[in-house]
Amino acid sequence: MSDNHVEQVIIIGSGPAGYTAALYAARADLSPLLFTGNEIGGQVAITYEVENYPGFPDGLTGPELVEKFQKQAEKFGARIQYDWVNEVDFSQHPFVVRTANGGEHRAESVIVSTGATHRKLDVPGEKEYTGFGVSYCGTCDGFFFRGKEVIVVGGGDSALEEGIFLTKFAAKVTVVHRREELRASKILQDRAFANPKIEYKWNTVVERINAAGGDGNGTPPKVVSATLRNLKTGEVEDFRTDGVFIFVGHTPNSQLFQGQLAIDEAGYVQTDRRYHASVPGVFAAGEIQDPVFRQVITSAGQGAAAAMQVEKFLGELKAHGYHHAAVEHGLAV
Ligand code: NAP
């Protein structure tokens, strides 16, 4: 592309929202350019089984679904680039998008679909032993815990889904939850309660993750226990475990847009009901702007809607210029 080339739409992020936006924008003949980021496919790409995406009554794996999303978008002309956006400038139009590979791109419109990343516990040992017994992905790391005992931290859908998955490998899975009531959906609770390999520690938090080895003589550290505190009784115990899997929610990936877009206190990009962000011509879809639903199907739907709004925006831009399009599309944040 020449330096003067202006893309009609750039999509940042390759989760269900990004790929669906790419599909819709491609079918609208906008030749979208999508930057995948480092985690291609987003969170669903590390999900073992997706059972609630309509159209697949037998379920399919997360990577299979992501591959289908990408194939379908490319079939209609979406251009997928394996690159990481590290800077945006929405203060000028056309907007500027810079990538880790040194690319500088200009675009009439942008769809932000950078999703969310797993939250951390922020306890001693968590960071140090990530990859040595601490994990945020049962699907990725479960295999290494065959016959072992592990802890799963959290009480939401992710904790139970991954906990159930981990029982394929682990001899015992202990769910450590800070309350005595799970947040997860009923169907997952029923499955987890029926699974004989899963036990529970209620009203309990992890205070520290402990490891052996890793003392500079060449042996890597290895998690051996977690220090647990019962919030009701105050009792502290050193609970033996081979692994700690952490599923305590997610934080939106909005750092890139600080100072460029309106972002709420929890870090979500603010949008109106039609997925306009605070700068006219910039749209956001999926978990980057959705603290509520966060499903593959809802993110995909939001991506489709954002692309449809882009099409409208570009129509007005071409017919009447940026100011008119901005007034039409920038009011409701
Ligand atoms: P979530 O629903 O936000 O649950 C996070 C869990 O972690 C909660 O139980 C929370 O406890 C606990 N927690 C948060 N901070 C903690 C801390 N510092 N220390 C200890 N515990 C902490 O997150 P999620 O399970 O990742 O799910 C995110 C979204 O994805 C949800 O909308 C969920 O429905 C969806 N999802 C769906 C499926 C599916 O449909 N199959 C699978 C996975 C995820 P409290 O309960 O006390 O707040």
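This is a predicted model: local features need pLDDT of at least 70, side-chain atom pairs count only at pLDDT 80 or more; totals for chains, interfaces and linings use all residues.
**Ligand shell and domain arrangement**

By residue class, the shell around the ligand is made up of 4 nonpolar, 9 polar and 7 charged residues. The shell counts 20 residues, of which Asp157, Ser158, Glu161, Arg179 and Arg183 come nearest to the ligand. Among the contributing elements, helix α4 (residues 157–166) supplies the largest share, 3 residues.

In Ser158, a polar side-chain atom is found 2.7 Å from a ligand oxygen atom. For Arg178, the distance between an N or O atom of the side chain and an oxygen atom of the ligand is 3.0 Å. The side chain of His250 likewise places an N or O atom 3.4 Å from an oxygen atom of the ligand. The ligand taken alone exposes 920 Å², and 80% of that area is buried by the protein.

The protein chain divides into two domains, domain 1 (6–118 + 250–328) and domain 2 (134–246). The contact between them draws 6 residues from domain 1 and 10 residues from domain 2. The centres of domain 1 and domain 2, taken over C-alpha atoms, are 34 Å apart. About 630 Å² is buried between domain 1 and domain 2, with carbon and sulfur atoms giving 59% of this area. On the domain 1 side, the residues that lose the most area to domain 2 are Ile46, Tyr48 and His118, which together account for 70% of what that side buries. The ligand lies between the domains, because domain 1 and domain 2 both give residues to the shell around the ligand.

Two features of the backbone were also noted. Most residues other than glycine have a negative phi, and most peptide bonds are trans. The peptide bond from His93 to Pro94 is cis, with omega near 0°. Pro94 is located in the loop that runs between β4 (85–89) and β5 (95–99). Ser31, a residue other than glycine, has a positive phi, near 45°. The position of Ser31 is in the loop between α1 (16–27) and β2 (33–35).

Note on methods
Residues are numbered from 1 along each chain as its sequence is written. Side-chain values use heavy atoms; hydrogens and water are left out. A residue is near a molecule or strand if one of its heavy atoms lies within 4 Å of it. A polar contact is a pair of N or O atoms within 3.5 Å; within protein, one must be able to donate a hydrogen and the other to accept it, and residues adjacent in sequence count only if both atoms are side-chain atoms. Accessible areas come from the Shrake-Rupley method with a 1.4 Å probe; for residues, only the protein chains shown count as cover. Helices (H or I, at least four residues) and strands (E, at least two) are DSSP runs, numbered from the N terminus. Ala, Val, Leu, Ile, Met, Phe, Trp, Tyr, Cys and Pro count as nonpolar, Asp, Glu, Lys and Arg as charged, and the others, Gly among them, as polar. Domain bounds come from an automatic or database domain assignment. Contact means heavy atoms within 4.5 Å. Buried area is the accessible area (1.4 Å probe) that two parts lose on being put together, summed over both.
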